[in-house]
Amino acid sequence: MLYVKAPAKINLTLDVLYKRPDNYHEVEMVMTTVDLSDRIGLEPREDGLIKIVSADRYVPDDQRNFAYQAAQLLKDTYGVEQGVNIHIEKEIPIAAGLAGGSSDAAATLRGLNSLWNLGLTLDELAVLGAKIGSDVSFCVYGGTALATGRGEKIEHIATPPSCFVVLAKPKIGVSTAEVYGGLKIEGLEHPNTKQMLKAIETNDYDLVCASLGNVLETVTLNLYPEVVTIKEQMQRFGADAVLMSGSGPTVFGLVDSETRATRIYNGLRGFCDEVYVVR
Ligand code: ATP
């Protein structure tokens, strides 16, 4: 079995510029991976079939699974005859705004590239990945990037100042399509993406904290008051800055001290089941 790590991402910024004629939103996002990962195990099958194996009952076990789609896409594009069992050990909460499914797809692309000796570059895998979902391209590379277009155009940038990231997911799942559907672009207060890029380039933690912004909060916070509550609690327990990731509902807090990260974690555990402290 070949094991591949599929890390979650958070959005340090998420801006929507306009709605395109093809109905996608033109976005501008600064994304970075965090060390909360699913584990994908790839096991060759000789019968040509793709099977998803997961103990998590919320993980689709058929072609709806993005990892399944990744394997199918490689098979179709490169005429691969082998099959594969894709074991998915889920750590990343599902429908959380952390790109769990996209990361599973990206890890499957990387892993099968090697298992099936396809010899594709990361750039080639990223182009393929965009056919599965807009966040898959970023997840193929991981690290930190400015993503534009519908999220599939990736420009690598420096690693942000290291800090603790407290993640908390309220007990609701959010549909990305619903949130984008509810977005009113006129009158939006846009995050300062340029300032975030400068903060990262100059390794300025305080400026990173001051530059966080996500326009999708205008939709999700209205739909789900529990996300507002978690943001407030995280602030109250001492996070340096707090933001919702992606379309939510996961909220993350940045903290530069371990003691404070632990305090926030303990405080939130009281009314939120899914809380993580990562780097
Ligand atoms: P994003 O941040 O990219 O919007 P997300 O973190 O909000 O993604 P996912 O965890 O990727 O959302 O799940 C969204 C939906 O995708 C789920 O409802 C689930 O049914 C489906 N899905 C497909 N493949 C997977 C997978 N490998 N793991 C989890 N969910 C998957």
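Q: Where is the place of Ile-230?
A: Ile-230 has its place in helix H9. Helices are DSSP runs of H or I with at least four residues, strands are runs of E with at least two, and both are numbered from the N terminus. This is a predicted model, in which local features need pLDDT of at least 70, side-chain atom pairs count only at pLDDT 80 or more, and totals for chains, interfaces and linings use all residues. Residues are numbered from 1 along each chain as its sequence is written, and side-chain values use heavy atoms, with hydrogens and water left out.

Q: Why is Ile-230 called buried?
A: Its relative accessible area is 4%. Buried means under 20% relative accessible area, exposed means over 50%, and partly exposed lies in between (1.4 Å probe, protein chains only). Ile-230 is therefore buried.

Q: Which residues is Ile-230 in contact with, leaving aside its neighbours within four places in sequence?
A: They are Ala-168, Pro-170, Val-251, Leu-268 and Cys-272. Contact means heavy atoms within 4.5 Å.

Q: What does helix H9 lie across?
A: Helix H9 (residues 225-236) lies across strand E7 (164-169), E9 and E10. Helix H9 runs at about 10 degrees to E10. Axes are lines fitted to C-alpha atoms, for helices over the stretch in contact, and angles run from 0 to 180 degrees between N-to-C directions.

Q: What makes E9 and E10 a pair?
A: Two strands pair if DSSP finds at least two bridges between them. E9 and strand E10 (residues 251-255) are joined by 4 bridges, so they pass, and they run antiparallel. Ala-241 has Leu-254 in E10 as its bridge partner. Leu-243 stands opposite Phe-252 in E10. E9 and E10 form a hairpin, with 6 residues between them.

Q: In what order do the strands of the open sheet come?
A: The order of the 4 strands is E9-E10-E7-E11, with antiparallel pairing. Strand E9 (241-244) and strand E11 (274-278) are the edge strands, as each pairs on one side only. E7 and E10 pair over 5 bridges, in the antiparallel sense.

Q: What makes E10 mostly covered?
A: 5 of its 5 residues are buried. On one side of E10 these are Val-251, Gly-253 and Val-255, and on the other Phe-252 and Leu-254.

Q: Why does Cys-209 count as buried?
A: Cys-209 has 13% relative accessibility, so it counts as buried.

Q: Why does Arg-260 count as buried?
A: Its relative accessibility is 19%. The limit is under 20%, so Arg-260 counts as buried. Arg-260 is found in helix H10 (residues 258-269). Not counting residues up to four places away in sequence, Arg-260 touches Gly-238, Asp-240 and Val-255.
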